[in-house]
Amino acid sequence: MSWEDTENSIHTAITQASGIPSSRVIWSYQNFNEPTSDYLVMTLGGETVVGQDWLSLTTDLTRPNGQEIKQQVHGIRSLPLEIEVFSATTSGNNAARRQAEILRSRLLLPDVRWEFNKANISIVDTGA
């Protein structure tokens, strides 16, 4: 799985959970004008290693000569995702604070979690 695949899975899941159109769910640090209506900004923080990486060796005798043994490094990474919701509405169900809480709650839905599962992402809510 590539970082691009991971980012696409996160974008799809957050778009689905938020109900905000995909074109208004944007990554921070892009050269991109802010949408004129309600929108959401996602920021990935720096990754940290959880535990210790490990090495696995697999043998496949059908691979070309000299490539029968494959070495792979595996590990677990923790990566914070910050989501900011912007809205012109200041109160009620369309206010940014309420939309953010609805989004947080919808991250528990199985169809939203499926998008994360496809990318081998587990969500841990720190409550921040």
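A polar contact here is a pair of N or O atoms within 3.5 Å, where within protein one must be able to donate a hydrogen and the other to accept it, and residues adjacent in sequence count only if both atoms are side-chain atoms. The model is predicted, with local features needing pLDDT of at least 70 and side-chain atom pairs counting only at pLDDT 80 or more, while totals for chains, interfaces and linings use all residues. Residues are numbered from 1 along each chain as its sequence is written, and side-chain values use heavy atoms, with hydrogens and water left out.

Select Thr43 in strand β2, strands (E, at least two residues) and helices (H or I, at least four) being DSSP runs numbered from the N terminus. The side chain of Thr43 makes a polar contact of 2.8 Å with that of Ser28, and Thr43 is buried at 14% relative accessible area (buried is under 20%, exposed over 50%, partly exposed in between, with a 1.4 Å probe and protein chains only).

Next select Tyr39 and Phe86, which form a stacked aromatic pair, 4.8 Å centre to centre with 15 degrees between the planes (ring centres of Phe, Tyr and Trp, its six-membered ring, within 6.5 Å; planes under 30 degrees apart are stacked, over 60 edge-to-face, the rest tilted). Tyr39 lies in β2 (39-44) and Phe86 in β5 (81-86), so the pair ties together parts 47 residues apart in sequence. Tyr39 is buried at 7% relative accessibility, whereas Phe86 is partly exposed at 32%.

Finally, select helix α2 (96-106), where Ala96, Gln99 and Leu103 are buried.
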